[in-house]
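Welcome, and thanks for taking a look at this one with me.

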Amino acid sequence: MSNKLAVKWGLIIAILLGSLYLIYPNYKWYSKPLAEREKLDTLGERPKRMLNLGLDLRGGSSLLLELDVSKLSAKEPLNEAMARAVEIIRNRIDQYGLAETQITRQGDKWIMVQLPGVSNPQRAEELIGKTAMLEFRIVKNDTTAAQKALEKIETTEKPFDDNGLLIPEIAKLVPEGYQIMRNKDGGYSVVTAEAPVTGADLENARVVMMGENGYPEVSFSFNAEGSRKFGQLTGANIGKQLAIVLDNTVQSAPVVQSRITKDGRISGTFTPEEARSLSIVLKAGALPAPVRVIEKKTIGPTLGEDSIKSGLSASFYALVIILLFMMIYYKAAGFIADIALLLNFVFTVAIMSYFSATLTLPGIAGMILSLAMAIDANVLIIERMREEKLLGKPVYEIINLGYDKAWSAIFDSNITTIIVGACLLQFGTGPVKGFAVTLIIGLTVSLFTAVFVTRAIYELILTSNTKEISL
Amino acid sequence: MMLKLLPKTNIDFLKYRKAYYILFALVLIGGVICFFTKGFNMGIDFTGGTMVQVKFDAPVEMSEIRDALSATGAESELQSFGDNSFAISEKSTSSEVGVVQARIEKALDTLNVPYTVLMTNSVGPAVGENMTERALWSILLSLVFIIIYVAFRFSNILWGVSGVIALFHDLFAMLFAFSLTQREIDLVVVAAFLTVAGFSINDTIVIFDRMRENRHLHPKMKFGELINLSINETLSRTIITTLTVIFAVLVLYMFGGEVINSFAFAMLVGCISGVYSTIALTTPLVYTWSHGEMNDGSELNKPAAKLSVAVKREEAAAEGYAPKKTVTKIKRTRRNRK
């Protein structure tokens, strides 16, 4: 064996071993029973570099959220607000104890939340959908102007327009520096327009299962800054009603008995679940603006199972048919092409594991397409070799010429398909992206396996003074 | 002994080019008529709307479900998958995601047959619009890049344009098939369209590559003969590759399950159309546009340079017709033959 050939084979074997090393965690993980995997998942002990299964293959839900940019504070740039929103949503979901959730920004003002294994995302939706804007305002219902405004709003059928704004005839009755808010238990309150203390100054929040009136309550504590502000506010307003406002709704309005600095409680007719969600969102912080679900997909676990089964078995049979066909039609050369094809599969899975890529059903389709392209590369080479063989050339020349002449076509066709893949990656979303990723990885790998590896195999065969090769 | 599907062929592919063009025109006209009369069944990924797929525990008649749904006053489409599973979809422009789903489930509850929700999909109109935009952009952009790349690699913009016209033909054929069968076009189908685009241009490139090579091997050959020779020489490869892909796709189509069924269908139509368009459209177009002349680059594209082409060809022939770039290539081949 020449030095050059030895280096080639060293490289191929090193890459193969590296690939097997990368694939091994997948094997180890997916051979564990489901219950154990779930347990390890929640403990956060899932291996990092591993192939993930997409929602279409394992079941789960995805939510696409839109941040209401119009309600964003003018001081905060969109990018910062989005980054903050993603972070806050992640905190909320994490505290709820869902494993492997993917939360990613998409486009300008969209956030994609993927919840594997969750087939009814309603709870998650509630958790995410809460803006959780906690504010403390002073109630001022007792002036004549306030009474007038309250009377008017209670007798109006639709006091708010479609955008949630007060209709003008009521708005003009509200005294300067105040605003009207809905009470959680019905009715309305006139409160100060300014909110001197907000949830941003909170340090912690937790559920108190048995509150004063028998319902669960949420207790919270302020940080140093919050304590100072809250002390000031309560100290100056003893004997008045303090409105605890959550997402523009007055939750409760207790009378301030004394100056309070550190702790407080939100009481109301909460269910235990509601109280738990509220404490989570309060702790995680308020969203910079409300979010709205604009797309929701759920895939039940049984459908995921069915689709993985039929998709995988069909892909398997397709592969077997191709391998058999190559072996029968092209004999030894076909067998060598088949080896390259299997290596292509191994390397692609290894690379995807390394990048922790997500395998979806369209992703499998992309893999099949790249395998078909790899086959085409070998068909091109073998057909060229056949042409040379018919001219009666010696075997080493057949091989050299076959590769040299086929190379430009293989290269150009792979590059054009990679170009298509790159366009898909750039503009596609979700399933299309999954397809593009496996296609690009598969094609790049196929340039290596279908050309470099097969040639190394031929060269190895040639070292034993082979005179004839069956094509 | 080599196994051969095809004997060595010598078919005059260019002879019938007028017939191909007429067929192409028929596909175009038929397609346009079909698009306008039947339209497309765009999936809710693009239109926005809600889809709920359920599986009943006991057999339920489709008409019963339809009655229950129409009692809610909504216009839902019902599709049966066998095995007591059904998909109910409703295209809506309502921006409230989840409302329609709740209404559909409420209607199904009135049937009093227990069911499980297998899958739901609610897409707001803004998302649908965005998806359509993205899909169109990705198709347009890949076509442009393909033209640029092919024009660059084969140093002739005509070749790139002809290749893309063939791609248009394939896209058109697939859209035609989807319009005719009223199959739903969703995001995955768009991925299939683009895959076919990549695969069809693959065929084109293999033949172009042969033409590029033959041009240097047989500098005196007439362009028409050269094209025919190249197609014939690559025909065996074209058929083997296409057959393996069609085999693979056929298996996916029959056994791959409903999720990739439409993907496989698009691939099937596209692959067949792709071979046809490469042989019967791309190369004849290159031939027609270059007026049967050998054309190795920019000269023919400039009208003023046309007159001098004949002279230049003679000069080129005297020099052995070898532009600088190709000299090295021939040398390399010769060295290999030693």
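**Notes on the two chains**

1. Let us start with one pair of residues: Asn183(A) has Val250(A), in S12(A), as its bridge partner. The strands here are S6 of chain A (residues 178–183) and S12 of chain A (residues 249–252), which pair in the parallel sense over two bridges. Two strands count as paired if DSSP finds at least two bridges between them. Strands (E, at least two residues) and helices (H or I, at least four) are DSSP runs, numbered from the N terminus.

2. A word on reading these notes: the model is predicted, so local features need pLDDT of at least 70 and side-chain atom pairs count only at pLDDT 80 or more, while totals for chains, interfaces and linings use all residues. Residues are numbered from 1 along each chain as its sequence is written, and chains are lettered from A and ligands numbered from 1 in the order in which they are written.

3. S6(A) and S12(A) belong to an open sheet of six strands in chain A, in the order S7-S6-S12-S11-S5-S8, with mixed pairing. At its edges are strand S7 (188–192) and strand S8 (197–198) of chain A, each pairing on one side only.

4. Which strands make up the sheet of eight? Its order is S3(A)-S4(A)-S2(A)-S14(A)-S5(B)-S2(B)-S4(B)-S3(B), an open sheet with antiparallel pairing. Strand S3 (102–106) of chain A and strand S3 (77–82) of chain B are the edges; each has a single partner strand, so one side of each is left without a neighbour in the sheet. From one strand to the next, the twist averages 20°.

5. Two helices of chain A pack on this sheet. Helix H4 (residues 78–95) touches strand S2 (60–67), S3, strand S4 (110–116) and strand S14 (291–299) of chain A, and its direction makes about 165° with that of S3(A). Helix H5 (residues 122–129) of chain A touches S2, S4 and S14 of chain A, with its direction at about 160° to that of S14(A). Contact here means that the C-beta atoms of two residues, placed from the backbone, lie within 7 Å. Angles run from 0 to 180 degrees between N-to-C directions, and axes are lines fitted to C-alpha atoms, for helices over the stretch in contact.

6. Now follow the sheet through chain A. S3(A) and S4(A) run antiparallel and are joined by five bridges; one bridge partner pair is Arg105(A) with Ile111(A) in S4(A). These strands form a hairpin with three residues between them, and Gly107(A) in the turn has a positive phi of about 65°. S2(A) is joined to S4(A) by seven bridges, again antiparallel, and Gly60(A) stands opposite Pro116(A) in S4(A). Six of the seven residues of S4(A) are buried, so S4(A) is largely enclosed by the rest of the structure. Buried means 20 or more other C-beta atoms within 10 Å of a residue's own, exposed means 12 or fewer, and partly exposed lies in between, with C-beta atoms placed from the backbone.

7. Where do the chains meet within the sheet? S14(A) and strand S5 (residues 115–123) of chain B run antiparallel, joined by five bridges, and Lys296(A) has Ser122(B) as its bridge partner in S5(B).

8. The contact between the chains takes 60 residues from chain A and 57 residues from chain B. H12(A) gives the most to the side of chain A that touches chain B, with 17 residues.

9. Val127(B) is worth a visit too: this residue is found in helix H5 (residues 125–153) of chain B. With 23 C-beta neighbours inside 10 Å, Val127(B) counts as buried. Leaving out residues up to four places away in sequence, Val127(B) touches Leu64(A), Ile294(A), Glu295(A) and Gly48(B).

10. Finally, some notes on chain B, which has 11 helices and six strands. Of its 338 residues, 42% count as buried. The axes of helix H6 (residues 157–181) and helix H7 (residues 187–217) of chain B come within 9 Å and cross at roughly 140°.
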